[in-house]
Amino acid sequence: MATATGAMAATSRAPVPATAAFNGDLGVGRRRVAVPGRRGAGGRRLRAGRPPVFSPRGVSDSRSSQTCLDPDASTKSIRSSMTYQSRSSSVLGIILGGGAGTRLYPLTKKRAKPAVPLGANYRLIDIPVSNCLNSNVSKIYVLTQFNSASLNRHLSRAYGNNIGGYKNEGFVEVLAAQQSPENPNWFQGTADAVRQYLWLFEEHNIMEFLILAGDHLYRMDYQKFIQAHRETDADITVAALPMDEERATAFGLMKIDDEGRIVEFAEKPKGEKLKSMMVDTTILGLDPARAKELPYIASMGIYVFSKDVMLQLLREKIPAANDFGSEVIPGATELGMRVQAYLYDGYWEDIGTIEAFYNANLGITKKPVPDFSFYDRSAPIYTQPRYLPPSKVLDADVTDSVIGEGCVIKHCTINHSVVGLRSCISEGAVIEDSLLMGADYYETENDKKVLSETGGIPIGIGKNSHIRKAIIDKNARIGENVKIINADNVQEAVRETEGYFIKSGIVTVIKDALIPSGTVI
């Protein structure tokens, strides 16, 4: 498990390479634009007769540490009056904490969406923060509004004491929704959240704002994303995901011209409108075979804004717009701004529902190659250092599973499951196709003795219990001989007073819930 301390230490030791001249190769066989009169990166005028710069493809997991484009990934040369400055200091990362997370309820009953545990050891917020750190974007704000105590605590413990030492430039700071004399309202949407803090953001001497979501699972090199934005001389660049017709109806789709510029939007189109949104994705770098399979591009909700463009749009051009995806981006297109698409051809999942969350977690157990890997040395995922002991597995049968830190697993069977940190699983238990989030603390032997004497149930999975296709939230107390198997295949049920919900056929036991011995769900 990587921590933010290691990220900063490694980054601060790395030498800053000299700026290299850009050779026109963007990694997808595309070259520079022939747009008379337009200016390229650094203010230099692009010569007529040169072909356009198209956004290079993003990749899911790094195959090599030598993946940077020219100019060098951590530097940028400004050939006008501006001086040489590092890329990390010229971009401000803004991570949006999201709304109330009603579709993820009950996982969001006591926490914000980005604070939901992920992959045994992590939380969702670790994904965008780690992507930023791995991309040398070290100035990061996280905007929060709902149930933010858990998120604030995790960020302060994971990143608060480490990044400030990075040349006294880096930080991860939480900005909560607040009322003021000028604005008595809470955040009304993604764009409104950014608008309310523009007074703070504009104080930074940066060139671009990188707008990210706090509830997506993916690995992305934002340096290439930012470079594509600069090389195409875009006002706004939108990360786009190629997809087939079956998935396309669930997303907001975009249409592009032959330079990769976005010219039309459609929200979850169907029928003839869907057909009209087909695009030639070879323009953005897909090979012809893949382009035929994936003829649509959807917005990922990830954007790069030039600083002045953001300030103009939110304050002057469309001051009433509250949402980036449905209002600001289409509005900028209608105003004639250059809104460019950047193709990301890798694993990406919006963790917006219980089913998506369940599938994303179990996807990391897939073999031989998981959907998302936490084992990429060149782009690790960082999190809070907890200093837990190694997990202890005593005479247990564990297959196709991921086990977090500090677990105690005794004489049980675990198959195709994710077991979170500090999980305690007792003798005879069977865990199948399930996600156990673990616990926030250990109970002492004295605590367990008192519980035993009073008929209580300790945190963890009791003896001879059977759990299948379920999510067990943190600190849950599952008694002995409990069966959580949804034998009747119920798809939807609300049993909050009994400690669980069923959504999409997946049983979710609420955080801190108690399921008495002998219960059958």
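Phe209 sits in strand S9 (residues 208-213), where helices (H or I, at least four residues) and strands (E, at least two) are DSSP runs numbered from the N terminus. The model is a predicted one, in which local features need pLDDT of at least 70 and side-chain atom pairs count only at pLDDT 80 or more, while totals for chains, interfaces and linings use all residues. Residues are numbered from 1 along each chain as its sequence is written, and side-chain values use heavy atoms, with hydrogens and water left out.

Is Phe209 buried or exposed? Phe209 is buried, because its relative accessible area is 1%; buried means under 20% relative accessible area, exposed over 50%, and partly exposed in between, with a 1.4 Å probe and protein chains only. Which residues surround Phe209, once neighbours within four places in sequence are set aside? The contacts of Phe209 are Leu92, Ile94, Phe201, Tyr303, Val304, Phe305, Lys307 and Met310, a contact being heavy atoms within 4.5 Å. Take Leu92 as an example: Leu92 and Phe209 are 117 residues apart in sequence, yet their C-alpha atoms are 5.0 Å apart in space.

Now let us step back to the whole chain. There are 13 helices and 35 strands. Of the contacts between residues at least 6 apart in sequence, 65% join residues at least 24 apart. Buried residues account for 56% of the 521 residues. The accessible surface comes to about 22,000 Å², and carbon and sulfur atoms hold 48% of that surface; these areas come from the Shrake-Rupley method with a 1.4 Å probe, and for residues only the protein chains shown count as cover.

Just after H2 comes Asn136, with a positive phi of about 65°.

The backbone has some further points to check. Most residues other than glycine have a negative phi, and most peptide bonds are trans. Asp433, which is not a glycine, has a positive phi of about 45° and lies in the loop between strands S25 (430-432) and S26 (435-436). Asp433 counts as partly exposed because its relative accessibility is 28%. Lys469, also not a glycine, has a positive phi of about 50° in the loop between strands S28 (466-468) and S29 (470-472). Lys469 is partly exposed too, at 37% relative accessibility.

Where do cis peptide bonds come in? One runs from Tyr105 to Pro106, with omega near 15°, and Pro106 belongs to the loop between strands S4 (91-96) and S5 (117-118). Another joins Lys367 and Pro368, with omega about 0°; Pro368 is in the loop between helix H12 (354-362) and strand S17 (382-383).
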